[in-house]
Amino acid sequence: MVRNGWVFGLLLLTGACHAALEPPTAAGLQPLPQIGAGGAVVLPDPVSPACRPASAGEVVLNEYLVRPGGLDIDGDGKSNGRDEVLELTLATGSEAVHLAGAQLLVDGQVRGQIAGQTCLDPQHLIVLVGSTSALTQWPPGADEVRLDHLLKLPDGGASLELRTAANELLFRHQYLPETGGAASSWTRAIDGDGAADWTRQLDLAQGHGRANTIGLCNNGQPACACLASGGMDCGESSDPTPTGQ
Ligand SMILES: [Ca+2]
Ligand SMILES: [Ca+2]
């Protein structure tokens, strides 16, 4: 009897392990990019998004870094053009939208289009990286979208436009030449406010010396601290004291 009971228990344990190894089947999970031969990022096959595309005026450029200058945004141990990045917010109220097929134009020339069809939460920060940036674990409340080409943002100043696949203007911004000095992103003085002034993140008093806050609010807190409305739970991160990042 003891032996039979032991075998029964083993069978139960084997079944539990097998169940734990089953792939997730929950609806809405998006396939993630993979690293292929030679380190190239392989984008997943697109899936039909359960949300509409963003429309004109619904996307705010919130922060950008055109001259990494020692900053390693993607965490691959190097600072180079793959660390150039844009941070966006959505002005869609509570409605999720996607940016699939949207095109980034630099000085009027199409630089590439956004691949992948992830539905984006308007209370999240959206990190737009180039095609060869390393895969990055962003802070809670930050979602990555990826261009299908390098960003190649000129240091000498340029006009940036993001347009929908139907050529609707999502945002336009003319940034100034980078004139040297310590590397810093430029950010809206008020997160998510498309009318707010631009400032170097490094010079922002509430930034406490951070050179960028890509994927975070200006004060270094997760997106819920600056973009949430209607009582979104910020959890333990709601402490307004900067973390010292
Ligand atoms: Ca890097
Ligand atoms: Ca930020």
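Modeller: Residues are numbered from 1 along each chain as its sequence is written, and chains are lettered from A and ligands numbered from 1 in the order in which they are written. In this predicted model, local features need pLDDT of at least 70, side-chain atom pairs count only at pLDDT 80 or more, and totals for chains, interfaces and linings use all residues.

Biologist: What is the mean pLDDT of the protein chain?

Modeller: The mean is 83, and 74% of the residues reach 70 or more. pLDDT is the predictor's confidence in each residue, from 0 to 100. Over residues 1–29 it is below 50, and this stretch has 2 contacts beyond near neighbours in sequence. A contact means two C-beta atoms, placed from the backbone, within 7 Å. Residues 236–245 also stay under 50.

Biologist: Why is G209 called partly exposed?

Modeller: G209 has 13 C-beta neighbours inside 10 Å. A residue is buried with 20 or more other C-beta atoms within 10 Å of its own, exposed with 12 or fewer, and partly exposed in between, with C-beta atoms placed from the backbone. So G209, with its 13, counts as partly exposed. G209 is found in the loop between β14 and α2. Of the 245 residues of the chain, 33% count as buried.

Biologist: How do you know which stretches are helices and strands?

Modeller: They are DSSP runs, numbered from the N terminus: H or I over at least four residues for helices, E over at least two for strands. The protein chain has 2 helices and 14 strands.

Biologist: What makes β12 and β14 edge strands?

Modeller: Two strands pair if DSSP finds at least two bridges between them. The open sheet has 10 strands in the order β12-β11-β7-β8-β10-β9-β5-β4-β13-β14, with mixed pairing. β12 (169–175) and β14 (198–200) each have a single partner strand, so one side of each lacks a neighbour in the sheet.

Biologist: How do you know that β13 and β14 pair?

Modeller: They share 3 bridges, in the antiparallel sense. The definition asks for at least two, so they pair. W186 stands opposite R200 in β14.

Biologist: What makes a set of residues a nonpolar core?

Modeller: Its members are buried Ala, Val, Leu, Ile, Met, Phe, Trp, Tyr and Cys residues, joined through C-beta atoms within 7 Å. The largest such core here holds 40 residues, and V59, V85, L88, L99, I126, V127 and L128 touch the most other members. Strands including β4 (59–65) and β5 (85–90) each supply at least two core residues.

Biologist: Which residues does V85 touch?

Modeller: Leaving out residues up to four places away in sequence, V85 touches L65, I73, V127, L128, V129 and I214.
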